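Here is a short briefing to read alongside the model. Take a look at the sequence and the fold first, and then we can walk through the main points together.

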Amino acid sequence: MTFSRLWTIARLELLQRVRTVSWYVLLGGFGLVLLGVTALAFLAYGGWGTGGPGVYLFSRGFG
């Protein structure tokens, strides 16, 4: 089997999967998880302010 045949099969398979609703639900769920982890990281490191638990460590070069 050549590369062009494998590429055709992979392309058709991916196009078929993109057409289903579950793909969009999975992508939306991943976006929500990413947004939640980002929000928790902001809260853990002091939010939007300049202070916070990790600022001193990183500004001093780990030492």
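A word on confidence comes first: pLDDT is the predictor's confidence in each residue, on a scale from 0 to 100. It matters here because this is a predicted model. In this chain, that confidence is lowest in helix α3 (residues 55–59), with a mean of 55, and highest in α2, with a mean of 90.

**Confidence**
- Averaged over the chain, pLDDT is 79.
- A score of at least 70 is reached by 71% of the residues.

**Overall architecture**
- The chain holds three helices and zero strands.
- Reading along the sequence gives you the pattern α-α-α.

**Helix α2**
- How well does the span of α2 agree with what 1.5 Å a residue predicts? Its 24 residues should span 34 Å, and the end C-alpha atoms are 35 Å apart, which agrees.
- Is α2 buried or in the open? The number of buried residues among its 24 is zero, so α2 lies largely in the open.

**The nonpolar surface patch**
- V18, W23, Y24, L26 and L27 make a nonpolar surface patch of about 520 Å².
- Helix α2 gives the largest share of this patch, with four residues.
- V18, a member of the patch, is found in helix α1.
- V18 has a relative accessibility of 35%, so this residue counts as partly exposed; the cut-offs for that class are 20% and 50%.
- As a general point, an α-helix has 3.6 residues a turn, so residues three or four places apart point the same way.

**The loop between α1 and α2**
- T20 sits in the loop that runs between α1 (3–18) and α2 (21–44).
- Why does T20 count as partly exposed? Its relative accessibility is 33%, and the partly exposed class lies between the buried limit of 20% and the exposed limit of 50%.
- The side chains of T20 and S22 are joined by a polar contact of 3.5 Å.

- S4 lies in helix α1.
- With a relative accessibility of 48%, S4 counts as partly exposed.
- The side chain of S4 is joined to that of T2 by a polar contact of 3.2 Å.

Technical notes
Residues are numbered from 1 along each chain as its sequence is written. This is a predicted model: local features need pLDDT of at least 70, side-chain atom pairs count only at pLDDT 80 or more; totals for chains, interfaces and linings use all residues. Side-chain values use heavy atoms; hydrogens and water are left out. Helices (H or I, at least four residues) and strands (E, at least two) are DSSP runs, numbered from the N terminus. Buried means under 20% relative accessible area, exposed over 50%, partly exposed in between (1.4 Å probe, protein chains only). A polar contact is a pair of N or O atoms within 3.5 Å; within protein, one must be able to donate a hydrogen and the other to accept it, and residues adjacent in sequence count only if both atoms are side-chain atoms. The expected span of a helix is 1.5 Å times one less than its number of residues. Patches are made of residues with over 30% relative accessible area and no salt bridge: like charges are joined within 9 Å, nonpolar side chains (Val, Leu, Ile, Met, Phe, Trp, Tyr) within 5 Å. Accessible areas come from the Shrake-Rupley method with a 1.4 Å probe; for residues, only the protein chains shown count as cover. A salt bridge is a side-chain nitrogen of Lys or Arg within 4 Å of a carboxyl oxygen of Asp or Glu.
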